[in-house]
Amino acid sequence: MLKKFQNHINQNLPFLKESKLLLAVSGGMDSMVLLHLCKSAGFQIAVVHCNFQLRGEESDEDEIFVKNMCNDLRVFFYVTRFETESYAEQQKLSIQVVARQLRYDYFHTVLINNDYDYVLTAHHLNDSMETFLINFTRGTGLEGLTGIPEQNEKVVRAMLPFSKIDIEQYALQNNISWRDDSSNETDKYQRNKYRHKVIPILQEQNSNLFQSFQNTLDYLKQAQSMVEDASDMVYSIVVEEEETIKINLSKLLTFKNHKAYLYQWLYKYGFTAWNDIYHLVHGQSGKQVLCKHYILLKDRTHLILFPKHREEQMAHFWINKEQLEVKFPIKLSLCKADNISNVNRNTIFADEEKLQFPLQIRKWQEGDVFFPFGMEGSKKLSKYFKDEKFSILDKVNTWLLCSNNKIVWIIGNRQDSRFKITEETTKILKINYTN
């Protein structure tokens, strides 16, 4: 196995040979074999261990075991302890989810603070099959059927081509010691149910199950690569990237498999309500689908993807009387003027004596009314937006300049006539907006 491991590194992960590596070692057979392989291959290594304190003395003995092994091998050792159960209770998350989060956060902290290049974990082919079965059962796209990825940024899984049987044979042949985790024996956890009940039945049907599975993974990864190539090509035709991502619906619908392309483009943003997204294509303007951090909005001719408002975007911002410049949330300049010149959508002239400071910058609200410059009477902002054919995204991005909560200016669009310059005006304030 050592020779196969070295060949795998040479062919697929050659950058590891000259890198400083941090090995995630629990003390179990898989991670102890990873330690032995990397040490035998002459890699630059250190070990990181997490004690989740979930199994009492057993967890502490695992920590001592790994520490002693590192001392014997003269390998630098990092360790931390977590109050996993209390943290899971506070966060209202499962033990498994919390442990994974704590583990990888600690790995990355050690990696960054100590100038290591990569973290290596001991995931193997059996783990990949379990992940395949879990995703298959839940329902997934093609990427969910390609097993565990060999690399996620700084995390590398160098033992994925090897089965549990390969690892056990190597451990026995090389007299490698390890500790068994009692939690792996219970069927309390979903992954263990697949490991103990489903996979043995599959092996009864196919004695070469893992070789067959590895071949299937290779085919699926090739298919996924083809999908990504096609997705990138269609993306360049259909999607416009400006300040937001805009999916041109008329172009999108020329492709028979438009749902597949939407999935490929949007799943990475955290969307999961796929039927809602597919219905959005033919839905009414203004309909939207939300995920944790993004909004997908149906406009007249496009689907528009943009981040949810930050809290500060929903706040009110103030301009003091002596203030000459605003940098956030938008850029404004204010100065006194002797006369009116170069009036345009981005520049207004207001009667300073009609303004009550501090002025306010805010987003529009339902029910807002203003008195459009050049017109008689008032108009609801919602009606103005409709008449001017504002897209929903235009409305989202619109800011108002207000005085005592009266609209002075729909910034970059229309001034309110209540603050216009008249023959009686003695003090003129020039306000300029910079995109």
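Analyst: A residue is called buried when its relative accessible area is under 20%, and exposed when that value is over 50%. Please keep in mind that this is a predicted model.

User: Then is Leu125 buried or exposed?

Analyst: Leu125 has a relative accessibility of 4%, which is why it counts as buried.

User: Where is Leu125 found?

Analyst: Leu125 belongs to helix 6, which covers residues 125–138.

User: And which residues is Leu125 in contact with, leaving aside neighbours within four places in sequence?

Analyst: Among them are Met159, Pro161, Phe162, Phe210, Phe213 and Leu217. Phe213 lies 88 residues from Leu125 in sequence, yet their C-alpha atoms are 8.7 Å apart in space.

User: Now helix 3, please. Which of its residues are buried?

Analyst: In helix 3, the buried residues are Ser59, Asp62, Glu63, Phe65, Val66 and Cys70. Viewed down the helix axis, these buried residues fall within an arc of 160°, so they line one face of helix 3.

User: Why do residues three or four places apart point the same way in an α-helix?

Analyst: They do so because an α-helix has 3.6 residues a turn.

User: What covers the buried residues of helix 3?

Analyst: The cover includes helix 2 (29–40), strand 2 (44–51) and strand 3 (76–81). On the other side of helix 3, Glu57 and Asp72 are exposed.

User: What follows helix 3?

Analyst: Arg74 follows helix 3, and its phi is positive, near 60°.

Note on methods. Residues numbered from 1 in each chain as written. Predicted model: local features only at pLDDT ≥ 70, side-chain atom pairs only at ≥ 80, totals over all residues. Heavy atoms only, no water. Buried < 20%, exposed > 50% of the residue type's maximum accessible area, 1.4 Å probe, protein only. Helix = DSSP H or I, 4+ residues; strand = E, 2+ residues; numbered from the N terminus. Arc of directions from axis to C-beta. Contact = heavy atoms within 4.5 Å.
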